[in-house]
Amino acid sequence: MGPVPDPRFAVNCSILLTQLPLRARLDTVRAAGFEAAEFWWPFPTATPADADVEAFVDAVRASGLALAGLNLFAGDLPAGERGVVSWPGREDELLASVRVAAYVGAELGCRRFNALYGNRLPGHDPAEQDAVADHNLAAAAAELAGATVLLEPVSGIDAYPLRTAADAVAVVDRVGAANVGLLLDVYHLAVNGDDVAAAIDRFRDRIAHVQLADAPGRGAPGTGTLPLRAWIDDLLAGGYDGWMALEHVSADADPFAWRTEGSWR
Ligand SMILES: O=C(O)C(=O)CO
């Protein structure tokens, strides 16, 4: 085996540098030497005005950054919602956001779209929600042909049913579309008690995107106890050549200082 290549880090601009307006945020990321950014759904509703979509596309394009990933509409995140993919009655919103994402992807060359599954709803049969999810994911995968729809295990929300890499891969298998893959967010997996090294080993060929933060605290690499360096090296040595998005919080003036401080494992 040859030398392990350097990771290609992207920056999640929905969690980092959010004190800055969009253009300044993107320019800061570019000036720090990154070549890509990613976003959670960047609009207040699933059906943004054309002018808002164009403003977003223009801002990313003007920054010179690639768009590494985009979440589909996921409901009210601050209120604890994490997606509408499995929510009966929200199909039109989800699919409207898929069409917007397809447009943004075509404009900016983005090929990774994260479809947050949605919390379990009181009074609804989980099987009914899973059937809604299967239908929506198949439709999203068809609309986003040529790109990949991602499924992400998430921590911190008890009602969110995808906790481990195996949970997400089970949905990938159920849907059965070739362009649905696993979003390996090592922070969420570790917080949920999943064995991240084993998940990388077992699901290597299903991993379509990677996100990084340390735990506890969801801080920058080196602020917690996770062996991020070892997991990154394992992914790279195993042939993963996609973006690894920094999806951590930071109150530091320079949220990227850890890269040169050598303090991360
Ligand atoms: O809601 C979160 O924490 C996410 O990571 C969404 O992608």
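Residues are numbered from 1 along each chain as its sequence is written, and side-chain values use heavy atoms, with hydrogens and water left out. Because the model is predicted, local features need pLDDT of at least 70 and side-chain atom pairs count only at pLDDT 80 or more, while totals for chains, interfaces and linings use all residues.

Reader: How far does helix α4 reach from its first C-alpha to its last?

Author: Helices here are DSSP runs of H or I with at least four residues, strands are runs of E with at least two, and both are numbered from the N terminus. Helix α4 covers residues 126-143, which is 18 residues. The expected span is 1.5 Å times one less than the number of residues, and for α4 this expectation is 26 Å. The computed reach is close to that value, at 25 Å.

Reader: Within what arc do the buried residues of α4 fall?

Author: Buried means under 20% relative accessible area, exposed over 50%, and partly exposed in between, with a 1.4 Å probe and protein chains only. The buried residues of α4 are Q129, D130, V132, A133, N136, L137, A140 and A141. The arc is that of the directions from the helix axis to the C-beta atoms. Seen down the axis, these residues line one face of α4, because they fall within an arc of 160°.

Reader: Which residues are exposed on the other side of α4, and what do its buried residues pack against?

Author: On the other side of α4, the exposed residues are H135 and A142. With contact meaning heavy atoms within 4.5 Å, the buried residues pack against α3 (91-108), β5 (148-151), α5 (165-175) and β6 (180-185).

Reader: Why are the buried residues of α5 placed on the same side of the helix?

Author: In α5 the buried residues are A165, A168, V169, V171, V172 and V175. What covers them includes α4, β5, β6, α6 (186-191) and α7. They are on the same side of α5 because they cover an arc of only 155° around the axis.

Reader: How are α7 and α8 oriented relative to each other?

Author: Two packed helices are described by the angle between their axes and the distance between the axes. Axes are lines fitted to C-alpha atoms, for helices over the stretch in contact, and angles run from 0 to 180 degrees between N-to-C directions; under 35 degrees counts as roughly parallel, over 145 as roughly antiparallel, 65 to 115 as roughly perpendicular and the rest as oblique. Helix α7 (residues 196-203) and helix α8 (residues 228-237) pack with axes 10 Å apart at an angle of about 5°. The two helices are therefore roughly parallel.

Reader: Is L17 buried or exposed?

Author: L17 is situated in the loop between β1 and α1. Its phi is positive, about 60°, although L17 is not a glycine. At 7% relative accessibility, L17 counts as buried.

Reader: What is the C-alpha to C-alpha distance between P48 and A96?

Author: P48 belongs to the loop between β2 and α2 and counts as buried at 12% relative accessibility. Leaving aside residues up to four places away in sequence, P48 touches W41, F43, V53 and V100. P48 and A96 are 48 residues apart in sequence, and their C-alpha to C-alpha distance is 9.4 Å.
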